[in-house]
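This report describes selected features of a predicted model. Please consult the sequence and structure shown below while reading.

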Amino acid sequence: MISLSGIMSKGSPCSGRHAMRYSKRLIRYSRKHGPEEIARKVRRHSSFKTLSRVLRSRAACKRFLYRKPLVKLRIKENMVIFESFFGRNYSDSPKYIFEYLGRNHPGKFKCIWILNKKERLPFQAKCVKRFGLRYFYYMARSQYFVFIGRQPKYFIKRDVYIQSRSWDYLTAPNQFSAEIFRRCFMYDGILLRSHLEGR
């Protein structure tokens with residue numbers, strides 16, 4: 001059962017004087033309408049405020065598209081997205097995993113690289129800029145992720161294909177680094193030792 005007090009306790013989607021005016025209008029509306037109608041009115045108003053905020057900011061608009069329609073699209077099997085140090089360069093573990101796939105499994109994977117500057121890649125891949133519209137599209141539809149660096153909080157990890165978990169690991173050259181990595185990245189998953197250990 002929906003109660004007016006329950007609706008009001010959730011707070012207004014406005015703030016300050018606008019919130020006060022909105023609350024007064026809602027109280028007047030409640031005198032002639034039931035809880036279900038009031039709840040619908042609050043949801044409509046909240047959706048309108050969200051849409052207004054999204055339309056004022058290009059970045060907010062992209063995040064909205066990512067979280068609403070894009071993540072509902074079907075994941076593309078064998079699509080792999082790579083990023084090294086927030087798209088700054090083509091380097092490190094993502095580079096070597098990409099080149100391994102290119103040499104040993106040519107044509108099997110559709111590779112996407114997040115790069116802020118153009119780079120010449122040794123194997124076929126599509127390059128997109130970080131936080132561009134295509135970035136959000138491929139983040140929503142890729143099956144595998146090979147990243148160095150933490151992703152934005154709004155990133156949604158879609159657990160659809162079981163095999164995608166086999167990519168979900170962290171590498172470290174030694175035990176000392178492993179302990180630091182776990183703390184820094186707040187990571188409690190699989191940790192692999194790289195070939196650099198003991199050198």
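## Phenylalanine 147 and aromatic pairs

In one of them, phenylalanine 131 and tyrosine 135 have ring centres 5.4 Å apart and planes at 80°, so the arrangement is edge-to-face. Phenylalanine 145 and phenylalanine 147 also form an edge-to-face pair, with 5.7 Å from centre to centre and 65° between the planes. Phenylalanine 131 is partly exposed at 35% relative accessibility, whereas tyrosine 135 is buried with a relative accessible area of 1%.

Helix α6 spans residues 133-141. Its buried residues are Tyr135, Phe136, Tyr138, Met139, Ala140 and Arg141. The elements covering these buried residues include helix α4 (58-67) and the strands β1 (76-84), β2 (110-114), β3 (126-128) and β4 (142-148).

## The second largest pocket

The second largest pocket has a volume of about 250 Å³. Two or more lining residues come from each of α5 (92-104) and β2, and α5 gives the most, with three residues.

In total, 13 residues line the second largest pocket. Phe109, Lys110, Cys111, Gln124 and Ala125 lie nearest its centre. By residue class, the lining comprises seven nonpolar, four polar and two charged residues.

Notes. Residues are numbered from 1 along each chain as its sequence is written. This is a predicted model: local features need pLDDT of at least 70, side-chain atom pairs count only at pLDDT 80 or more; totals for chains, interfaces and linings use all residues. Side-chain values use heavy atoms; hydrogens and water are left out. Buried means under 20% relative accessible area, exposed over 50%, partly exposed in between (1.4 Å probe, protein chains only). Helices (H or I, at least four residues) and strands (E, at least two) are DSSP runs, numbered from the N terminus. Contact means heavy atoms within 4.5 Å. On a 1 Å grid over the protein atoms alone, a cavity is a set of points where a 1.4 Å probe fits but cannot get out, and a pocket is an open set with protein on both sides within 12 Å along at least five of seven lines; lining residues have an atom within 4 Å of a point. Grid points are joined across faces, edges and corners, and a volume is the space filled by probe spheres set on the points. Ala, Val, Leu, Ile, Met, Phe, Trp, Tyr, Cys and Pro count as nonpolar, Asp, Glu, Lys and Arg as charged, and the others, Gly among them, as polar. Rings of Phe, Tyr and Trp (its six-membered ring) pair if their centres lie within 6.5 Å; planes under 30 degrees apart count as stacked, over 60 as edge-to-face and the rest as tilted.
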